[in-house]
Structures are given as C-alpha cells and as structure tokens.
Amino acid sequence: MKSKRKSGVLSKIYIALIMIFLYAPIAVMIFFSFNKGNTIVWKGFSLKWYSALFNDRTLMGALGNTLIIATLASLFATVLGTAAAIGINNFKGKKRAVIQNVSNIPIISPDIVMGVSLMLLFTFFGVLFNFEMGFATVLISHICFCVPFVVLNVMPRIKRMDPSLYDAALDLGCNQWQAFFKVVIFELMPGIISGFLISFTYSLDDFIITHFTQGARFQTLSTEIYALLRRKIPPTINALSALLFLAIIIIMVLINLRDRHEEKIKNGR
C-alpha cells in the first residue's frame with residue numbers, strides 16, 4: 001500500500017512538472033500581453049496591446065493571409081488525401097505497402113528539403129511561364145505537405161470499416177454516389193475531421209516551407225514575425241499569440257464535447 005501511494009505521489013509530481021515545463025512559457029506570454037509597459041518589467045494591467053494589435057494593418061494582414069492559406073490548404077488537402085487513402089486501400093499486397101510508404105515520405109523528410117525543392121520547382125516554372133511566387137505557390141506548397149497527414153488519419157478508418165456496408169447500401173436502393181457519401185464518407189468522417197484539423201494546425205504554424213515559397217510581396221504571420229526579429233518584437237505579438245492560443249483551446253474543448261456526445265449516443269444514453 002505504501003509503495004502504491006509513493007508511486008501515485010511521484011506520478012502526480014511528474015505530471016505536474018511536465019505541465020509546468022510545457023505551459024509556463026505560454027502563461028508568461030499571456031501574462032505580459034496585459035502589461036502596460038513594453039518590456040518584461042511589469043508596469044500595470046492594460047489592454048492597450050490588444051487594441052494596438054487590431055489597429056496594426058501589417059500584422060492583421062499577415063494573420064488574414066495565414067488563415068486563408070490554412071483554411072484553403074486544409075480543405076483541398078482533406079479532399080485529395082481522402083481520395084488518395086481510398087485509392088491506396090484499393091491496391092493489394094506489396095503495391096499498397098510501397099505506395100503508402102511513398103506517401104509518408106513528406107512527413108519524415110526535413111521541412112527545409114521540401115522547402116528548397118518546391119522553391120526550385122516554382123522558380124523553374126516561374127521562368128518558363130513568367131510568374132512570381134506568392135499566394136498561389138504558398139497554397140500549393142501547403143497542400144503538398146498536408147495531404148500525407150490526411151492520408152495517415154483516414155487510412156486506419158478505412159481498415160476498420162466493414163467493406164460489405166457499401167454493397168449493402170447498393171442492395172438497399174442507393175446509387176453509387178449515394179452509397180459513397182452516405183456510407184463510406186460517413187464512416188470515415190472522424191478520420192477526415194482529424195486530418196483536416198491537423199492540416200489546419202500545420203499550415204497555420206508553418207514557417208520554413210512558407211519562407212522559401214512566398215516570394216517578396218506575400219507575408220504570413222510566421223514570416224512577418226521572423227521579419228520583426230531583425231528589429232524589436234512589439235508586445236502586440238504577445239496579444240496575438242494569446243488570442244491564437246485561446247482560439248485553439250476553444251476548438252479543442254468543442255471537439256471533445258462533440259466526441260463525448262457521440263459516445264453517449266452510441267452507448268444509448
């Protein structure tokens with residue numbers, strides 16, 4: 001009994017230390033986002049940096065570009081990745097294993113390799129077809145590195161799905177499209193949503209690939225903050241980061257509440 005109590009206390013201390021290590025920097029950042037001064041010395045509570053954030057056209061423009069790119073890239077990557085996962089599943093034996101391993105290469109390869117290779121590709125086509133890198137090249141790049149994550153999330157759902165469900169839907173009067181959307185997509189929806197959210201998060205957070213493919217006239221939030229590092233980072237960055245962190249927490253809570261609601265429905269409660 002004493003050993004179990006000791007192990008329980010040690011595990012709680014261990015978890016507490018991990019939580020402090022992970023979230024202490026975020027807590028400090030949020031704390032100083034309300035600082036009246038523009039240094040790490042506390043000068044009093046104030047919301048002026050939040051007000052300054054919404055009046056900063058450069059940062060808000062970069063944030064808008066980031067959200068647009070992340071949303072579009074996630075949507076396209078989700079559609080392409082789901083279709084790719086279904087296609088890969090239709091192969092058998094070694095072919096499926098080889099194609100699946102090839103699709104995982106962008107996940108394990110360094111971002112700088114993908115960024116440089118995409119930059120060279122866009123530079124070549126830019127000279128060939130006379131266009132500059134910008135919004136389109138960043139969007140294509142984000143779709144490229146988001147698709148494998150969707151495949152990785154959808155494939156386990158396909159393997160768990162009963163293949164006879166599609167045939168049963170056809171026998172019960174559905175045409176091929178109805179059976180596909182009402183049965184297959186419905187069964188794969190948890191994996192599709194997970195793939196979309198992961199793609200959105202990675203696209204929102206990406207810096208290296210964006211840095212190599214954005215060109216000179218297009219800025220996202222990560223590259224704009226990097227440009228500010230050459231001077232002095234304004235405290236508005238603390239306010240912006242705090243709002244982004246709050247938005248992510250709200251999304252995670254809503255997803256968890258939805259999952260619990262679905263589990264209660266499945267369990268008949």
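**Exercise 1.** In which hand of crossing does H8 pass H9?

*Solution.* The model is predicted, with local features requiring pLDDT of at least 70, side-chain atom pairs pLDDT 80 or more, and totals for chains, interfaces and linings using all residues. Residues are numbered from 1 along each chain as its sequence is written, and side-chain values use heavy atoms, without hydrogens and water.

Step 1. Identify the helices (DSSP runs of H or I, at least four residues): H8 covers residues 164-171 and H9 residues 176-205.

Step 2. Take the axes (lines fitted to C-alpha atoms over the stretch in contact; angles from 0 to 180 degrees between N-to-C directions). They lie 9 Å apart, at an angle of about 145°.

Step 3. The crossing is right-handed, that is, the near helix is turned clockwise from the far one by less than a right angle.

**Exercise 2.** Determine which residues join H3 to H11.

*Solution.* Step 1. Helix H3 (residues 57-90) and helix H11 (residues 221-228) cross at roughly 145°, their axes coming within 8 Å.

Step 2. Applying the contact criterion (heavy atoms within 4.5 Å), Thr58, Leu59, Ala62, Leu63 and Thr66 of H3 meet Leu221, Glu224 and Leu228 of H11.

Step 3. Classification gives five nonpolar, two polar and one charged, where Ala, Val, Leu, Ile, Met, Phe, Trp, Tyr, Cys and Pro are nonpolar, Asp, Glu, Lys and Arg charged, and the others polar.

**Exercise 3.** State where Ile249 lies.

*Solution.* Ile249 belongs to helix H12, which spans residues 236-266.

Technical notes:
Helices (H or I, at least four residues) and strands (E, at least two) are DSSP runs, numbered from the N terminus.
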